[in-house]
Amino acid sequence: MDVVAQLSLLMGPSFLSGINAYATIGFLGLFGRVGWVLLPGGLDVLTHPAVFVTTLVLFAVEFIADKIPAFDTFWDGIQSFIRIPCGAVLAYAVVGPVDPELKLAAGLLGGTLAASSHAVKAGVRAMVNMSPEPFSNWLLSFAEDGFVLAGLWFIFYLPFVMAGILVLFLCLAIWILPKMFRVFLAAVRKGARVFRSP
């Protein structure tokens with residue numbers, strides 16, 4: 001396996017987990033179970049029906065919750081405690097039988113990447129929710145679901161595309177996350193002024 005394919009397989013699932021952990025884990029397990037993709041040994045557990053059926057049921061719940069404007073922001077807040085650890089565990093499992101130090105490093109990288117993609121997703125959705133119409137929210141949610149499925153395909157069949165997406169995303173995250181943080185701080189300060197005013 002070449003370096004690009006290894007990078008795609010190591011970091012791709014973690015990146016997608018930050019967008020939708022249930023879809024990532026559920027479809028990885030299902031695709032591995034039916035033989036559409038060859039999962040590395042550390043991810044074999046995902047092919048057990050108890051794992052991929054449970055996560056696909058949870059994905060169905062998220063599919064609906066993610067289409068409800070404003071509630072999707074609340075949902076993203078809850079998912080912070082799920083998507084990021086899932087991204088770390090996926091990267092930890094992918095590296096297989098290597099030194100514990102390398103597995104830990106992979107888990108840290110995977111968790112960080114999942115946190116970054118989750119933060120960008122949640123921030124963009126929060127900004128879209130400022131629009132009074134629901135259609136932009138729905139379109140963005142459908143696009144995210146489709147992107148996760150396409151990303152899983154890229155990981156195994158077009159790894160250079162996934163590697164390119166990862167590089168572009170990291171550049172985008174470096175540029176956009178500080179701006180989102182400043183907008184968030186400004187909103188907090190504005191809210192604090194409202195509560196302080198008589």
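Where does Gly26 lie? In this predicted model, Gly26 is part of helix 2. Gly26 counts as buried because its relative accessible area is 0%, against a cut-off of under 20%. Beyond its neighbours within four places in sequence, Gly26 is in contact with Phe52, Thr55 and Leu56. Gly26 and Gly151 are 125 residues apart along the chain, and their C-alpha atoms are separated by 14 Å.

Helix 2 itself is mostly covered, with 11 of its 14 residues buried. Among them are Ala21, Tyr22, Ala23, Thr24 and Ile25. The buried set also includes Phe27, Leu28, Gly29, Phe31 and Gly32. These buried residues pack against helix 1, helix 3, helix 4 and helix 6. The end C-alpha atoms of helix 2 are 20 Å apart, which agrees with the span of 20 Å that its 14 residues should have at 1.5 Å a residue. At the start of the helix, a side-chain oxygen of Asn20 comes to within 3.3 Å of the backbone nitrogen of Tyr22. Just after the helix, Gly35 has a positive phi of about 85 degrees.

The loop between helix 2 and helix 3 holds Thr47. Thr47 has a relative accessibility of 18%, so it counts as buried. A polar atom of the Thr47 side chain lies 2.6 Å from the backbone oxygen of Asp44. Residues up to four places away in sequence aside, Thr47 touches Gly29, Gly32, Arg33, Leu39 and Phe52. Gly29 and Gly32 are among the buried residues of helix 2. Phe52 is also a contact of Gly26.

Glu62 belongs to helix 3. Glu62 is buried because its relative accessible area is 1%. The side chain of Glu62 makes a polar contact of 2.5 Å with the side chain of Arg83. Apart from neighbours within four places in sequence, Glu62 is in contact with Ile19, Asn20, Tyr22, Trp75, Gln79 and Arg83. Trp75, Gln79 and Arg83 are among the buried residues of helix 4.

Ala70 sits in the loop between helix 3 and helix 4. Most residues other than glycine have a negative phi. Ala70 is not a glycine, yet it has a positive phi of about 75 degrees.

Helix 4 covers residues 71-94. Its 24 residues should span 34 Å at 1.5 Å a residue, and its end C-alpha atoms are 33 Å apart, which agrees. Helix 4 bends by about 50 degrees at Gln79. Gln79 is also a contact of Glu62. Besides Trp75, Gln79 and Arg83, the buried residues of helix 4 include Asp72, Asp76, Cys86, Gly87 and Leu90. Ala91, Ala93 and Val94 are buried too. The buried residues of the helix pack against helix 1 (3-17), helix 2 (21-34), helix 3 (49-65), helix 5 (100-128) and helix 6 (135-157). Just after helix 4, Gly96 takes a positive phi of about 75 degrees.

Open space was also examined. Rolling a probe the size of a water molecule over the atoms shows where empty space is left. The second largest pocket has a volume of about 290 Å³. Its lining consists of 15 residues. Of these, Ile19, Val120, Lys121, Glu144 and Phe169 lie nearest the centre of the pocket. Ile19 is also one of the contacts of Glu62. Helix 5, helix 6 and helix 7 (159-196) each supply at least two residues of the lining. Helix 7 gives the most, with 5 residues.

Notes: Residues are numbered from 1 along each chain as its sequence is written. This is a predicted model: local features need pLDDT of at least 70, side-chain atom pairs count only at pLDDT 80 or more; totals for chains, interfaces and linings use all residues. Side-chain values use heavy atoms; hydrogens and water are left out. Helices (H or I, at least four residues) and strands (E, at least two) are DSSP runs, numbered from the N terminus. The expected span of a helix is 1.5 Å times one less than its number of residues. The bend at a residue is the angle between axes fitted to the seven residues ending there and the seven starting there. Buried means under 20% relative accessible area, exposed over 50%, partly exposed in between (1.4 Å probe, protein chains only). Contact means heavy atoms within 4.5 Å. A polar contact is a pair of N or O atoms within 3.5 Å; within protein, one must be able to donate a hydrogen and the other to accept it, and residues adjacent in sequence count only if both atoms are side-chain atoms. On a 1 Å grid over the protein atoms alone, a cavity is a set of points where a 1.4 Å probe fits but cannot get out, and a pocket is an open set with protein on both sides within 12 Å along at least five of seven lines; lining residues have an atom within 4 Å of a point. Grid points are joined across faces, edges and corners, and a volume is the space filled by probe spheres set on the points.
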